[in-house]
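Me: I'm new to this one and would like a close look at a single part. Could you walk me through the place where the ligands sit?

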Amino acid sequence: PAPAPRPGAIPPPDIVRAAYAELVVTDPAASREFYVDLLGLVVTHEDEDAVYLRAFEEYLHHSLVLRRGESPALAALAYRVRSPGEVDAAERYYRALGVPVERRAAGATRGIGPAVRVVDPLGFPLEFFYAAEHVPRLHQSYDLHGAGAIARLDHFNIVVPDVARAERYYRDLGFRVTEDIRGADDTLYASWLHRKDTVHDIALTGGDGPRLHHIAFSTHERGQVLHVCDLLGARRRSAHIERGPGRHGVSNAFYVYVRDPDLHRVEIYTTDYYTGDPDHPVLSWDVRDNQRRDWWGNPVVPSWYAEASTVLDLAGKPQPVFAREENSEAEVTVGADGFSFARDASPQVGPST
Ligand SMILES: O=C1C=CC(S(=O)(=O)O)=CC1(O)O
Ligand SMILES: [Fe+2]
């Protein structure tokens, strides 16, 4: 057999952006009600097995698939690549890494062309595709938008035990770091990396993993995030709100996190910033800085650090979860009240310039 290619000898696929997530949900009707009637996403197609959803600015078939299943899980995080040839490049790259790789014919996922699915070295089910069915873009269908109109899928956030290892893996894939959270001992607690010219397509959160922390959709204005909160209140469904609304330190985005009927976490996020220049500087935060995750210093509720979704392998089996060995952010920043905010905290350490 030919010798295994030297790591780095096989170029990574040219990834454009985070494109869609496939979530397993236990009650599709309840999930459809949450994502469509409450969050306002648009149904592109629905059948016995799945609901295919998109946001108003999107013209690809979907950015979220809700697939019926026994227990809640992540079935795939899908990245769009720049051309059909880059799907082959993804296959070559991951076969060289020696991980499970599966070619998928066009239509294996409704609306998606030929694709490759892998279980990556971090244990996550990823898909790489180029061709996808185009459907009407509703970015100016203001008659259909609610006041909280969601524009597009923005990023994935995953929980990994070893953030530094995960960051190296994503940098090898051609992602660039925009922000991170570090400890005085240089422990890496979290990292944000991008391919499209925004703060991130993928965020790495230190913790027991592999698990999905959240998927995030973006709106164009703060008021739309607030409207989502007001609408949940008006429908007496504010219990779906887990954290926020607030202003992030990292990314500077205005945000709210909600939990769906299966407790999958979704972030509605707006006004981060442009990151497209080649010399874009990394912004590093000190883990002791109480404004790193919320710019006004609101506590990060413990469930936000602790809870996340199971991820599946290519056969639909839950992946084993490995404990984080390094310090946990919640422990090093949690005050006596159990929140990650202690008024007598160590001096506010702002982002290093
Ligand atoms: O998208 C994000 C941007 C910033 C943050 S943080 O809570 O400000 O670190 C979390 C997040 O990864 O969800
Ligand atoms: Fe996020």
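Reply: Sorted by class, the shell around ligand 1 has five nonpolar, six polar and four charged residues. (Ala, Val, Leu, Ile, Met, Phe, Trp, Tyr, Cys and Pro count as nonpolar, Asp, Glu, Lys and Arg as charged, and the others, Gly among them, as polar.) This is a predicted model, where local features need pLDDT of at least 70 and side-chain atom pairs count only at pLDDT 80 or more, while totals for chains, interfaces and linings use all residues. Residues are numbered from 1 along each chain as written, chains are lettered from A and ligands numbered from 1 in the order in which they are written, and side-chain values use heavy atoms, with hydrogens and water left out.

Back to the shell: 15 residues surround ligand 1, and the closest are W192, H214, H248, Y257 and R293. Being near here takes a heavy atom within 4 Å. R293 has a polar side-chain atom 2.6 Å from an oxygen atom of ligand 1. For H200, a polar side-chain atom lies 3.0 Å from a ligand 1 oxygen, and for R243 a side-chain N or O atom is 3.2 Å from one. (Polar contacts are pairs of N or O atoms within 3.5 Å.) The protein covers 100% of the 330 Å² of accessible area that ligand 1 has on its own; such areas come from the Shrake-Rupley method with a 1.4 Å probe.

What kind of space does ligand 1 take? That space is the largest cavity, meaning a set of points on a 1 Å grid over the protein atoms alone where a 1.4 Å probe fits but cannot get out. A molecule sits in a cavity if more than half of its atoms lie within 2 Å of its grid points. Strand 9 (152-160) and strand 16 (265-270) are the elements giving two or more residues to the shell. (Strands are DSSP runs of E, at least two residues, and helices are runs of H or I, at least four, numbered from the N terminus.)

Now for the metal. H155 (NE2), H214 (NE2) and E267 (OE) coordinate the iron ion, ligand 2, at 1.9 to 2.2 Å. Donors are N, O and S atoms within 2.8 Å of the metal (3.2 Å for Na, K and Ca), and water is not among the atoms, so sites may look incomplete. Along the chain, the iron donors follow the spacing H-x58-H-x52-E. H214 in strand 13 (residues 211-218) and E267 in strand 16 are 53 residues apart, a pair that links distant parts of the chain.

Technical notes. A polar contact is a pair of N or O atoms within 3.5 Å; within protein, one must be able to donate a hydrogen and the other to accept it, and residues adjacent in sequence count only if both atoms are side-chain atoms. On a 1 Å grid over the protein atoms alone, a cavity is a set of points where a 1.4 Å probe fits but cannot get out, and a pocket is an open set with protein on both sides within 12 Å along at least five of seven lines; lining residues have an atom within 4 Å of a point.
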